[in-house]
Amino acid sequence: MGHGPHRPYVSRRQFVQRTAAVGIAAGAGPFLWQQPGYSAATPVEQIHGQFGQDASREAAFSWMTPGPVRRPFVQIGGERVRAETMQYAGYPGYFHHARVDRLLPDTRYRYAVGHQGKVRSTKAVWRTGPRPGKAFTFTAFGDQGTDVPDLTNIQDFDPLTLQTLTHQQPPFQASLNRDLAYSMNPAFHVIVGDTSYANGDQAIWDEWFRGIEKMARTMPWMPCLGNHEIEAEGGLGGFTIPGLGGGEDDSWGPLGYDAYRTRFALPENGDKDWEGNWYRFRYGSVEFISIDNNDVNTEVTANIGYSEGRQERWVKRTLRRAAKDPDVDFIIVLMHQAAFSSGLHGSDPGVRKAWFRLFAKYGVDLVIQGHDHHYERTHLMKRAKVVESAEDGHYTSDVGTMYIVSGNGGGVQRGEGLFGGGDFTASIQAMEVGTVKVEVVPDTGRGTKRLVLGEYSATRGGAPIEEGIVIERSLDRGKRSSRVTEEPEAAASRLVLPSEDPVGPLHETSGGVAALALGAASTAAPGTTWTRGSGDEEVTELREQRRSDVRRVLRDQR
């Protein structure tokens with residue numbers, strides 16, 4: 001995996017060699033750093049906040065210093081809370097995370113960060129989440145990146161012509177879309193994978209965090225893992241692409257997740273090996289669940305099956321608890337690879353197999369996806385069937401899940417099926433960069449509760465692409481036992497086959513990067529494949545090999 005022109009940092013091998021000389025244990029993955037600090041004048045940057053599992057009482061504050069410091073802290077509510085310092089091999093900076101609890105709900109706090117007894121940042125305002133029952137707004141998109149063109153980003157360029165695939169507008173509109181989301185004054189923002197498109201270039205991560213800092217200091221960005229968070233040996237964004245670089249110095253941890261896992265301080269999930277890879281948080285009366293589809297998809301092979309079912313069991317437990325909780329009005333899932341999409345990547349059968357039964361059984365209301373670089377919305381779905389098709393955009397069924405593709409966070413990309421869609425498609429309008437806005441209304445005063453959705457264009461000054469889309473449910477559906485619909489357990493192994501998929505047959509392409517560039521003539525090494533279909537022997541073999549590799553790495557780290 002090539003690092004591109006921005007990477008000024010030492011390689012993993014050089015880093016380990018240098019640090020070993022002074023007795024520092026630098027194994028694969030994030031590790032606690034213990035080294036004498038520099039002066040209190042060391043600057044801080046990339047400050048951002050995250051919610052804990054209970055957004056009304058818990059938060060985590062994160063920042064970076066270019067050199068080591070002593071006693072980093074966050075000062076909030078008149079108290080100083082010590083931070084934990086972390087680093088990952090091959091990166092020269094230091095990351096600090098301070099987790100805070102016992103906060104008051106729906107309360108504004110001023111905070112700042114510092115070290116060695118001195119505050120080093122300006123003050124910012126943090127607002128905790130409300131108690132259940134209060135209305136709020138959040139924004140969302142995926143696949144953002146930065147404004148700096150990256151020729152290694154296969155999502156934005158035809159590698160043969162070096163022309164963008166967007167055709168309609170400049171592809172790098174990351175800051176414009178960030179500013180649009182910020183202008184909507186949301187309680188928080190979710191980014192559904194492919195955040196920075198660093199692709200191994202750690203300076204791009206720095207640029208991305210600097211770009212979102214103004215917003216993320218006060219309005220947290222809650223992420224999920226996308227394929228471009230995989231910065232792994234011999235691949236680009238999780239795709240195996242021989243001939244584009246790669247080697248042992250390019251693997252950022254056993255899953256390539258070191259940068260992501262070290263730079264964010266996400267809610268704990270109880271899994272000591274994969275903390276932060278999937279997680280949940282409660283904001284008001286909404287349960288948000290962030291999952292890692294690299295584990296279950298069938299297209300991006302690098303990390304398929306790495307959790308050995310642990311993530312799926314956690315998701316089932318979490319959904320079951322949320323569905324029975326009377327304080328939960330809506331369940332919203334955040335994930336990258338899509339269960340429903342008519343774009344280039346399409347509807348992934350592995351994602352469907354993993355989640356369809358659980359989403360239907362426990363009544364997930366909304367799923368926000370990325371991966372394909374356009375905006376698309378489904379009707380209310382139960383598995384692969386349309387439950388309600390509302391031509392006016394007002395859905396009133398108490399059953400069914402709406403899926404949104406919001407991978408137009410920084411650029412757009414035409415792809416297969418984009419002008420047709422499937423029976424599931426309700427709106428397939430946006431080939432422009434945009435932001436999803438979701439308003440949560442726990443009580444309309446008429447015995448119902450609502451999610452109100454809109455998609456807004458960053459390149460047309462926030463003009464609506466579509467708005468006023470309503471998912472309206474009965475208030476008594478909040479008595480969560482009525483949400484759970486029992487189904488035969490045998491259905492768990494049922495996979496919607498490509499021939500049955502509403503999109504039509506899932507395409508399988510060979511030819512590597514060039515093939516991803518809308519079927520351009522391939523000059524890539526033969527045998528490079530973009531794999532689809534969970535029954536494929538190659539995927540099964542890769543899954544087993546990945547599980548074996550992960551077990552070995554974890555065994556060595558213990």
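The model is predicted, so local features need pLDDT of at least 70 and side-chain atom pairs count only at pLDDT 80 or more, while totals for chains, interfaces and linings use all residues. Residues are numbered from 1 along each chain as its sequence is written, and side-chain values use heavy atoms, with hydrogens and water left out.

**Aromatic contacts**
- A search of the whole structure finds 35 aromatic pairs, where rings of Phe, Tyr and Trp (its six-membered ring) pair if their centres lie within 6.5 Å, and planes under 30 degrees apart count as stacked, over 60 as edge-to-face and the rest as tilted.
- F136 and Y283 form an edge-to-face pair, at 4.6 Å centre to centre and with 65° between the planes.
- Because F136 lies in strand β11 (residues 136–141) and Y283 in strand β18 (residues 279–283), this pair ties together parts that are 147 residues apart in sequence; strands are DSSP runs of E with at least two residues, numbered from the N terminus.
- F136 and Y283 are both buried, meaning under 20% relative accessible area with a 1.4 Å probe and protein chains only.
- One aromatic cluster includes F136 and Y283, and among its other members are W126, F138 and F281.

**Charges over rings**
- The charged end of R263 sits over the ring of Y91, 4.7 Å from the ring centre, the criterion being NZ of Lys or CZ of Arg within 6 Å of the ring centre and within 35 degrees of the ring normal.
- The charged end of R352 sits over the ring of F340, 4.5 Å from its centre.

How values were computed. Helices (H or I, at least four residues) and strands (E, at least two) are DSSP runs, numbered from the N terminus. Buried means under 20% relative accessible area, exposed over 50%, partly exposed in between (1.4 Å probe, protein chains only).
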